[in-house]
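Please read it alongside the sequence and the coordinates.

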Amino acid sequence: MVHTGRHFLQIPGPTNVPDRVLRAIAGAVMDHRGQEFARIAAQVLENIRAVFQTKGPVVMYPSSGTGAGEAALVNTLSPGDRVLMFETGHFSQLWQQVGGKLGLQVDYVPGNWRRGASPADAQARLGADVRHAIKAVVVVHNETSSGVTSVLPEIRRVMDQIRHPALLIVDAVSSLGSIEYRHDEWQVDVTIAGSQKGLMIPPGLGFNAISEKALAANKIAKLPRAYWDWQPALKLLPEGFFPYTPAINLIYGLREALQMMREEGLENVYRRHDRHAEAARAAVRGWGLEIVCEDAREYSSSITAALLPAGHDADKLRQVILDHFDMSLGAGLGKLAGRAIRIGHLGHFNDLMLAGTLSGIEMGLRLAGVPHRDGGVAAALESLAPASKSVESVPLAR
Ligand SMILES: *Cc1c(COP(=O)(O)O)cnc(C)c1O
């Protein structure tokens, strides 16, 4: 089928890459051991710390987010170490599996894929661990498979109250640059991130933001590591050099994306995502569908997952939408496969892109014969531009 106009890429990552960033990436490849590149890379690594809200070092790999997650574990832990994880969804399962393959002993707190990491469970598990056998707590900040954002400051508070010395390792792959994130203030020890979600660049960069405590853990950590080893990278990065060939053109793109975020202001970036997420939820409720996230305090601002009525295949709906409107939505993953659609509203995004996205879904629901109420899009538009506010917000002529 021939499609005209622009493809709508509304999966929760990889996300739409701004033209400015694409143009930056198209720059000529340069010598990664030369002074010009070193200057660019050092500046990018300095500037990206603001997005993590950290004053500490950030290591950058030519990898996807999964690689950055493996790096976080192998640099801080030893074979047989106990690690506490929470079953929030597909991505928590990823870390459980990676941990197991690396020879860690994973305590996996069961969950229903509709809630975030539970502070009460953290309290019970860590409180019972009086000998401090648990060496790290791993939390997926924004669970991209369900649209649930764990309340990290509460997990931190529990760890502080109990005075448990475990490291706090956080997967911020789909929250960094879209949902408020504070590496230093929340005393996160390693933050795992990737390039292709809130950071608005294509896949291919993985990041670790590293605390002093994580650096100390690194000195005694015995898991084997070579490519992922922080130490050679930490020695070279301040000068803008790498122990491997960096993803040069993605770093050009990252430089431009960071500039765009600076122009908008990080607080405004967060508020924009909050606002779009609220409108997306208004649409889902308007259609009479169920939001996967069960607790309003844990609603994600970067992705909304909606359950289809029982007996209706979410993948068929996504196919109808792709065929008719050239829009890609996120598939339900794992336990939610075939049952949910995931609407990505993160990164390079605005009101009309959201309105177009939701319109495509509403038309798709009709064409696919999925029972729903009309009026989801109307509810979203009302959320974005409330009629009651029109007199205040629109300046009168003269
Ligand atoms: C996308 C994602 C990952 C995996 O990152 P890749 O870049 O696909 O390796 C991990 N965790 C979360 C929360 C994600 O959204």
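The points below are grouped by topic, after a note on conventions.

This is a predicted model, in which local features need pLDDT of at least 70, side-chain atom pairs count only at pLDDT 80 or more, and totals for chains, interfaces and linings use all residues. Residues are numbered from 1 along each chain as its sequence is written, and side-chain values use heavy atoms, with hydrogens and water left out.

**Ligand site**

- A ligand nitrogen lies 2.5 Å from a polar side-chain atom of Asp171.
- A ligand oxygen is 2.8 Å from a polar backbone atom of Gly65, and an oxygen of the ligand is 2.7 Å from a side-chain N or O atom of Gln196.
- The ligand taken alone exposes 380 Å², of which the protein buries 89%; accessible areas come from the Shrake-Rupley method with a 1.4 Å probe, and for residues only the protein chains shown count as cover.

**Helices**

- Helices (H or I, at least four residues) and strands (E, at least two) are DSSP runs, numbered from the N terminus.
- Helix α12 (residues 314-325) has twelve residues and spans 16 Å from its first C-alpha to its last, close to the expected 16 Å, a figure given by 1.5 Å times one less than the number of residues.
- Ala314, Leu317, Val320 and Ile321 are the buried residues of α12, where buried means under 20% relative accessible area, exposed over 50% and partly exposed in between (1.4 Å probe, protein chains only).
- Viewed down the axis of α12, these buried residues fall within an arc of 120 degrees, so they line one face of the helix; the arc is that of the directions from the helix axis to the C-beta atoms.
- In helix α8 (residues 212-220), the buried residues include Ala214, Ala217 and Asn218.
- The buried residues of α8 fall within an arc of 110 degrees seen down its axis, so they too line one face.
- The face of α8 turned away from that buried side carries the exposed residues Glu212, Lys219 and Ile220.

**The loop between α7 and β8**

- His164 is placed in the loop between α7 (152-162) and β8 (167-171) and is buried, with a relative accessible area of 3%.
- The side chain of His164 makes a polar contact with the side chain of Asp129 at 2.7 Å; such a contact is a pair of N or O atoms within 3.5 Å, and within protein one must be able to donate a hydrogen and the other to accept it, with residues adjacent in sequence counting only if both atoms are side-chain atoms.
- Arg163 is also found in the loop between α7 and β8, and at 70% relative accessibility it counts as exposed.

**Backbone geometry**

- Most residues other than glycine have a negative phi, and most peptide bonds are trans.
- Arg163 has a positive phi, near 55 degrees.
- Met200, in the loop between β9 and β10 (206-210), has a positive phi of about 70 degrees and is buried at 5% relative accessibility.
- Gly13 and Pro14 are joined by a cis peptide bond, with omega about 0 degrees; Pro14 lies in the loop between β1 (8-10) and α1 (19-25).
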